[in-house]
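Hi everyone, thanks for coming. I'd like to walk you through one structure today, so let me put it on the screen.

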Amino acid sequence: MNLPARIAALVAAAASVVVLNAGAASAANPNNDNDTLASAEACNPPGYSKFKFTLWYNSGQNGAYRNMHHPIYNFDALRPGDGHDHPLKFCSGGASSPWPGSLQRVKNNAASGENFHYKYKARVYFSSGFKGAQDVMGPYQHIDQFRNVYNDNASFQFTS
C-alpha cells in the first residue's frame, strides 16, 4: 500500500473511532466532566451561573440543586480524566440546615428543572446515553414536576 493510501486508511479509521465515541459525550471530553464536577459555577445560585441548566431535588424548583452546561451521558459516571467514574451530586446548601437532597446523587433523584439558555432546548432523559422517555424545556422554560422522568433521570443535553 502506497503512502497516500495508507494515510487515507488511517484517517478513515480515526474518523470511525470519533463517530463511535460521539454519543458518549462525557467519556469523549474529560475536560467538560472535570468542569461540571469541580467548577464553583455548578453550585452558584440558579440563573446566576454560567451553567445554563439546573436540576432540583424537589418539585417546584425547591431543595438542593445542581447547575450543568455540557451534555452528561450518565449522571453516575462523569469521567474527569482520572480513570474513575464519579457520580454527579446535588450541591450542599441551606443557612441553618442542609436543603433536602444536599449531596445526594442526581441520578434518579431530580424532580424539577429549569433551562436558563436563551437559544437551546434542555432535555432530561430517563436512561443514560440520551435514551428513553424525556422531558424537554425550551429556552427560559421550567418544569415544576417532571412528567416523564420524575425521580427517574440519568442523562442531559442541550439540543436545537
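Let's start inside. The largest nonpolar core has 19 residues, and Phe53, Leu55, Met68, Phe75 and Phe146 are the ones that touch the most other members. By nonpolar core I mean a set of buried Ala, Val, Leu, Ile, Met, Phe, Trp, Tyr and Cys residues joined through side-chain atoms within 4.5 Å. Buried is under 20% relative accessible area, exposed is over 50%, and partly exposed is in between, using a 1.4 Å probe and protein chains only. Strand E1 (53-58), E2, E4 and E7 each supply at least two residues of this core. Strands here are DSSP runs of E, at least two residues, numbered from the N terminus.

Before I go on, a word on the model. It is a predicted one, where local features need pLDDT of at least 70 and side-chain atom pairs count only at pLDDT 80 or more, while totals for chains, interfaces and linings use all residues. Residues are numbered from 1 along each chain as its sequence is written, and side-chain values use heavy atoms, with hydrogens and water left out.

Back to Met68. Setting aside residues up to four places away in sequence, Met68 touches Phe51, Lys52, Phe53, Leu55, Phe75, Leu88 and Phe156; contact means heavy atoms within 4.5 Å.

Now the sheet. We have an open sheet of 3 strands in the order E5-E4-E7, with antiparallel pairing; two strands pair if DSSP finds at least two bridges between them. At the edges sit E5 (131-137) and E7 (155-159), each pairing on one side only. Strand E4 (residues 121-127) is joined to E5 by 5 bridges, and Tyr125 stands opposite Gln134 in E5.

Next, please find Ser102, in the loop between strand E2 (62-68) and strand E3 (112-115). Is Ser102 buried or exposed? Buried, because its relative accessible area is 13%. A polar atom of its side chain lies 2.9 Å from the backbone oxygen of Trp99, and a polar side-chain atom of Ser102 is also 3.5 Å from the backbone nitrogen of Gly93. Beyond four places in sequence, Ser102 touches Ala64, Phe90, Cys91, Ser92 and Gly93.

Finally, Asn62, in strand E2. Asn62 counts as partly exposed because its relative accessible area is 42%. Leaving aside neighbours within four places in sequence, Asn62 is in contact with Trp56, Tyr57 and Ser112. The backbone oxygen of Ser59 lies 3.2 Å from a polar atom of the Asn62 side chain.

Terms used:
Helix = DSSP H or I, 4+ residues; strand = E, 2+ residues; numbered from the N terminus. Polar contact = N/O pair within 3.5 Å; in protein donor to acceptor, adjacent residues only side chain to side chain.
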